[in-house]
Amino acid sequence: MPKSALLTTKLHCPPPPAYRVERCRLAQRLNDGLNLNRPLTLVSAPAGFGKTSCVGEWVRGLDGWPIAWLSLEPADDDPARFFAYLLGALQNVRPGVGQEIVGVLHTGHLPPAGVITATLLNDLLQPEDGRAGPLLLILDDFHVIQHPFILQVLEQLLDNLRPPLHLVLITREDPPLPLARLRADNRLTEIRAGHLRFSDAEATRFLNDRLHLALSPADVARLQEKTEGWVVGLQLAALALQGAPSPCRETDPTRFIASLRGSHRFILDYLTEQVLDRQPPNIRRFLLQTAILGRLNGDLCNAVTGREDGHSLLDSLFSANLFLVSLDDEGQWYRYHHLFADLLRSRHGALSKEEVAALHLRAARWYAEAGMADSAIDHALAAEAYDLAVELLETHALAMIRQGYAETVNGWLQAVPAAWRCQSTRTDLAFAWMHLLRGAYAEAAPYLEQVEAALAEAGPSASSMDSVNAEWLAMRSLVRQMEGDPAEGEKLARAALATAPVQDAHARSLAYFALGSVLRLVESTIPAVDAHREAIRQARAAGNPVVEMLSTVGLAGMAFEHGRLRLAVEITEPVVTRLEHAGRTPPISGVLYGILGEAHYQWHRLEDARRYSLRALQLSTLGGYNSGRIICRIYLARLAQMEGDLETATRELQQVGDLVPERLPDYVRQELVAQQVRLYLARNRPDAASLALQGEGFTWEESLAGERAAHFRAFAFPERPQGNGIGHAAGLLYNSGLRLLLHEALASGDEDGLPGGVALAGRLLDAATEGGYLLVALEALLLRAQMRAAMGDIAAAAADYRQALQQAAPEGIVGVFVEQGPPVAEALATLLEQDRLGDVARDDVERIIALTHTPSTTTAAPEAPLEPLTERELEVLRLIAEGLKYKEIAAKLFISLNTVRFHIKAIYGKLGVNRRARAVEKARRLRLL
Amino acid sequence: MDETYTYQIRVRDGVDDVALNAASPVKVSAARVEPDATLLTTCTDQSGLIGLLRYVHQQGYVLLSVTREP
């Protein structure tokens, strides 16, 4: 909900009542709570005890405490609405607090409870400007809040709240929060009914000093006894005794007071009767008629009552202390005291049912005209004017859901009888769309079924339903896509497009988006790009930023996966800039930041890559998107690994463990396993890498030869579904299989598995090239080059390197080269020196070599062997450096192959490396060669 | 309505009073008085009582009776 849409009267501490009594003892008790650094004050008492007045008076007298005030009402028991108002109240005194959450709420999303709590605490206790000043947050009428989500956040806040922050809850009943614990820990200040009741002295001041009733001390004491110091009872009694403007004033206060008997409720009824009966008929009627209104102003009262003197009547009622509470400093808006309003409504028997309905209907129309749809719908429902309620819902539901009113709208929808509800297909579609956007497909289903029923009832020839039908088909397509049935998804998307009226840009944008999504799924890239482009065009025409964003995400994602980094950034950057300017960053835009991060990673602009990835992580966290968070963690791990910081990389992946749900989307799981394998191999843990790949269907043939108990000589790719090309994430996964094969061959010196690996790399390269997945193809080429080099086929390896460099150059891609590490950089250096890289730009190669050799500060190995190498080991090391294979070394030194392996294992251990190229590199650095 | 009294709330089945008190608005003590009922005792006013009843209900317990000690 944008701040401009918040009712500002709810964010103001109510002005003092016309006749107020200073209550120093209560103020002292409240001050004690602040001075003792207790984080919570609870003001809990039944209605009519003067809770709000007491706190209002106290805070008006506080110096140096900014006050964030929020008056709650039943409609605020909706998390999105509650937090929009809560942040509005906080930002009134501390601009910028929770701005991240506001940005998400504006897009109709609700961040997870823990994220809201952490953001609020961070912003309030550790603001960026370093000034964590005092702040008093007051939530009035908190008893209306029962939603578990809101209570969960409040409980988390209370557990962590500390000075100079202080929370005050004003409520009719103790809220379901751990107050007993706070009480036991001396972290709670309480003002209860027993504290709030007027003392004799306060009653005397109120009745005689303020209202000039001149009651005797005995009468005051008797009135106190009858009302038990209940503020509203005293106030009503005073009104009855004042008599004005009644013509029949009670002349004997003592007799009147003696007539009061019974419980508070009885006294209240009796006194209200007395007070109302003493009002002139026109005032009495005005009170009864306007009691239907939660808030009153002059124009609204005029519209409802048909009078023209609403403004002056409200002024005079406030002056006469007739239970009217001012809601602003300008005297524009009022409300009746809740108790008084309830009593007035209970007297609606004095009005006919039709008359009450007519009052609500007039209020609904006034609110609709004033653009306050929520109040308009409330009154339309109260009037049982379902035609108007449905009309308002149809017009406003989508926008209101986008603003976070989901639960409120749902409540309205439930209040509409079924016979009318089926006419509210747009509202159903709005709900279905909301659930689809949140990934809650099961929850979207009932709404789609309702639309389907309405469409069936309208019949196939009802062209007036074409737009609804098209939107329904598009949403059904998205559901089928997510259920793993792209064929049916495509059929439905095409049907949506055929049905959507040409002039209905909104329906057409949805249909094109559904089509673009499904075509991307089935690897039909060019048509998918066209569909997404058309979806963006139609969405702009329809003013639908959500579909525009979704299709932009689709386009940019495809551009990135196909290695078109510049295009991906060109698509993404303007949207990100626009969102940031508007201050509205929907969580889904995290994908755009993620794409920017990955593009900059491939350009080796690591600080930019980190900045974008962290922003993507933040937005995914705010949106509660686990898949997005996992992908961000994977990229942060990959980034840390490229920088040589394996500890950070490991930590990032460990954090993924907490996020993994029962079932991850395939592409997320594949990217996760690919990164796990990269990291396991960097940590020389091939067994763990193998296990991770086996979970993805890779099968391994193990060799028991040699010193190693077992190593992996060959593997088979998992079978892919018929006709389904290889995607970007699957390609990364398959490359990680090749990486393990290469690692094992180099570590064991057993190169027998490499020819099979070269063949598999070739197949992967073909598939990636066919699908246009450039980054996958580049990595396959680099892995194949290293395999070929290890097999001694330097010419073929050089050809692969050359091809990779040529394909990467147009987009400036270097990341995939640098992350291969020193072996590739060394090979490139050698090829460059030997002038075997053809027409590849020398600068590009030199840049890759320079970046690869950037020393890591966090995981730099000690610059000395763990123990000295023996003469024989040095001899073997020199032959390795010359490029001899193990068999050739064995022949040259007249030792067995097993002995060569034994020496190599010892060399690796002493140098702290796990492969031949690294051993040579390290030995050169240590001047052993 | 502002005075504090001792209230006894009978709820069906057993109650883990440690868990109940961990997040309760008012402190309660629980005693198993019948095979299939527990007596919760608390000292509070009307607002506290209402808050506790709602809390006990939200915790999924079945309320059997509420009595006030004189």
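This note walks through the two chains and a selection of their side-chain pairs, point by point.

1. Ground rules. Please keep in mind that this is a predicted model, in which local features need pLDDT of at least 70, side-chain atom pairs count only at pLDDT 80 or more, and totals for chains, interfaces and linings use all residues. Residues are numbered from 1 along each chain as its sequence is written, chains are lettered from A and ligands numbered from 1 in the order in which they are written, and side-chain values use heavy atoms, with hydrogens and water left out.

2. Chain A. Chain A has 47 helices and nine strands; helices (H or I, at least four residues) and strands (E, at least two) are DSSP runs, numbered from the N terminus. Of its 929 residues, 58% are buried, where buried means under 20% relative accessible area, exposed over 50%, and partly exposed in between (1.4 Å probe, protein chains only). Chain A exposes about 37800 Å², and carbon and sulfur atoms supply 51% of that area; accessible areas come from the Shrake-Rupley method with a 1.4 Å probe, and for residues only the protein chains shown count as cover. Take the contacts in chain A between residues at least 6 apart in sequence: 69% of them join residues at least 24 apart, a contact being heavy atoms within 4.5 Å.

3. Chain B. You will find two helices and four strands here, and along the sequence they follow the pattern β-α-β-β-α-β. Chain B has 70 residues, and 39% of them are buried.

4. Salt bridges within chain A. Over all chains the structure holds 41 salt bridges, each one a side-chain nitrogen of Lys or Arg within 4 Å of a carboxyl oxygen of Asp or Glu. In one of them, A:Arg81 pairs with A:Asp76, and the closest N and O atoms are 2.7 Å apart. Both A:Arg81 and A:Asp76 are buried. These two residues also belong to a network of salt bridges that links A:Lys10, A:Glu73, A:Asp76, A:Arg81, A:Arg295 and A:Asp374.

5. A bridge between helices. A:Arg784 and A:Asp800 form another salt bridge, at 2.8 Å from N to O. The pair links distant parts of the chain, with A:Arg784 in helix α39 (residues 774-790) and A:Asp800 in helix α40 (residues 794-808) of chain A, 16 residues apart. Both A:Arg784 and A:Asp800 are buried.

6. A bridge between chains. This one deserves a look on screen. The side chains of B:Arg54 and A:Glu173 form a salt bridge at 2.4 Å, N to O. The pair crosses between chains: B:Arg54 lies in helix α2 (residues 46-58) of chain B, and A:Glu173 in the loop between β4 (165-171) and α7 (179-184) of chain A. B:Arg54 counts as partly exposed because its relative accessibility is 32%, whereas A:Glu173, at 10%, is buried.

7. Aromatic pairs. There are ten aromatic pairs over all chains; rings of Phe, Tyr and Trp (its six-membered ring) pair if their centres lie within 6.5 Å, and planes under 30 degrees apart count as stacked, over 60 as edge-to-face and the rest as tilted. A:Phe82 and A:Phe83 have ring centres 5.1 Å apart and planes at 90°, so this pair is edge-to-face. A:Phe82 is buried at 0% relative accessible area, and A:Phe83 is buried at 1%. Ring pairs join A:Phe82, A:Phe83 and A:Phe149 in a cluster.

8. A tilted pair. The rings of A:Phe318 and A:Tyr334 have centres 5.6 Å apart and planes at 50°, so the pair is tilted. Distant parts of the chain are linked here, from A:Phe318 in helix α16 (residues 310-319) to A:Tyr334 in strand β7 (residues 334-336) of chain A, 16 residues apart. A:Tyr334 is buried, with a relative accessible area of 4%.

9. Charges over rings. The charged end of A:Arg611 sits over the ring of A:Tyr612, 4.6 Å from its centre; the rule asks for NZ of Lys or CZ of Arg within 6 Å of the ring centre and within 35 degrees of the ring normal. Likewise, the charged end of A:Arg615 sits over the ring of A:Tyr593, 5.4 Å from its centre.

10. A:Thr119. This residue lies in helix α5 (residues 113-125) of chain A. A:Thr119 counts as buried because its relative accessibility is 13%. Neighbours within four places in sequence aside, A:Thr119 is in contact with A:Gly98, A:Ile101 and A:Leu622.
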